[in-house]
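The sequence and the model are shown below.

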Amino acid sequence: MLNQSLSKKRRRFEMLMKLLMLLSVGLTAALTLFLLIYVLIQGIPNITWELLSTKPSYLTENIGILPDILNTVYIIIATLMFVLPLGVGAAIYLTEYAANKKLVAVIEYAAETLSGIPSIIYGLVGMLILVPTIKKIFDVPDGASLFAAIIVLAVMILPSIIKVSITSLDAVPKEYED
């Protein structure tokens, strides 16, 4: 009914905009699919056991990514060991024990704000502020960036864990809580 009350010129403009939108969606999807297929076709034949199981060496011209894989696993495990108890504990406190509603609102607002910050900003803060600070305070030349990565990742995912835990706790029926 709303479409019939529009003028003929307005309907043509609306159809043109829908067509342009569909064209842009199609082009974007086709480009994404092309890039994905191209990377897979060019990359999969080059993945070897030597690439996955050795470390890089400039002396032997060896290319390997094992240290990178292990560092990623270390960062994820250390971050989860730190963040899961903290996030779930914060959610339990906020839903079950916090009596001050203003404090709960401030904490939830802070979590929403932290979850809205782009990850590139977290990475820049970690590299420009945390790594030099950790090197200076703890006097460790190696491992400072690993520790900084754990801290940055913890700060990045803590709001998400708190929100998911609060939502899960709120979904429990009241008769099951005691």
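## Conventions

Axes are lines fitted to C-alpha atoms, for helices over the stretch in contact, and angles run from 0 to 180 degrees between N-to-C directions. Helices (H or I, at least four residues) and strands (E, at least two) are DSSP runs, numbered from the N terminus.

The model is predicted, and local features need pLDDT of at least 70, side-chain atom pairs count only at pLDDT 80 or more, while totals for chains, interfaces and linings use all residues. Residues are numbered from 1 along each chain as its sequence is written, and side-chain values use heavy atoms, with hydrogens and water left out.

## Overall architecture

The protein has 6 helices and 0 strands, and its elements run α-α-α-α-α-α from the N terminus on. Its radius of gyration is 25 Å, well over the 16 Å that the globule rule gives for 178 residues, so the protein is more spread out than a compact globule. The radius is taken over C-alpha atoms, and the rule is 2.2 Å times the number of residues to the power 0.38. Along the principal axes, the C-alpha atoms fill a box of roughly 75 × 60 × 35 Å.

Buried residues make up 15% of the 178 residues. Here buried means under 20% relative accessible area, exposed over 50%, and partly exposed in between (1.4 Å probe, protein chains only).

## Packing of H5 on H6

Helix H5 (residues 119–138) packs against helix H6 (residues 144–171) at an angle of about 135°, and the two axes are 8 Å apart. H5 and H6 are therefore oblique to each other. In this scheme, angles under 35 degrees count as roughly parallel, over 145 as roughly antiparallel, 65 to 115 as roughly perpendicular and the rest as oblique. H5 passes H6 in a right-handed crossing; a crossing is left-handed if the near helix is turned anticlockwise from the far one by less than a right angle, and right-handed if clockwise.

On the H5 side, the contact includes Tyr 122, Gly 123, Gly 126, Leu 130 and Ile 134, and on the H6 side it includes Phe 147, Ala 148, Ile 151, Val 152 and Met 156. By class, the contact of H5 with H6 has 12 nonpolar, 4 polar and 1 charged residues. Ala, Val, Leu, Ile, Met, Phe, Trp, Tyr, Cys and Pro count as nonpolar, Asp, Glu, Lys and Arg as charged, and the others, Gly among them, as polar.

The loop between H5 and H6 holds Asp 139. Phi of Asp 139 is near 55°, a positive value in a residue other than glycine. Most residues other than glycine have a negative phi. Asp 139 is exposed, with a relative accessible area of 65%.

## Packing of H3 on H6

Helix H3 (residues 66–97) also packs against H6, at an angle of about 40° and with the axes 7 Å apart. The crossing of H3 past H6 is right-handed. The residues of this contact divide into 23 nonpolar, 5 polar and 1 charged.

Ile 162 lies in H6 and counts as buried at 10% relative accessibility. Beyond its neighbours within four places in sequence, Ile 162 is in contact with Gly 87, Ala 90, Ala 91 and Leu 94. Ile 162 and Lys 136 are 26 residues apart in sequence and 32 Å apart in space, C-alpha to C-alpha.

Ile 76 belongs to helix H3 and is partly exposed, with a relative accessible area of 41%. Between Ile 76 and Trp 49 there are 23 Å in space, C-alpha to C-alpha, and the two are 27 residues apart in sequence.

## Packing of H4 on H6

Helix H4 (residues 101–115) and H6 pack at an angle of about 130°, with their axes 8 Å apart. That makes H4 oblique to H6. The crossing of H4 and H6 is left-handed. Glu 108, Ala 111, Glu 112, Leu 114 and Ser 115 in H4 meet Val 155, Pro 159, Lys 163 and Ile 166 in H6. This contact has 5 nonpolar, 1 polar and 3 charged residues.

Lys 102 is found in helix H4 and counts as exposed at 69% relative accessibility. Lys 102 and Thr 28 are 74 residues apart in sequence and 45 Å apart in space, C-alpha to C-alpha.

Conventions: Contact = heavy atoms within 4.5 Å.
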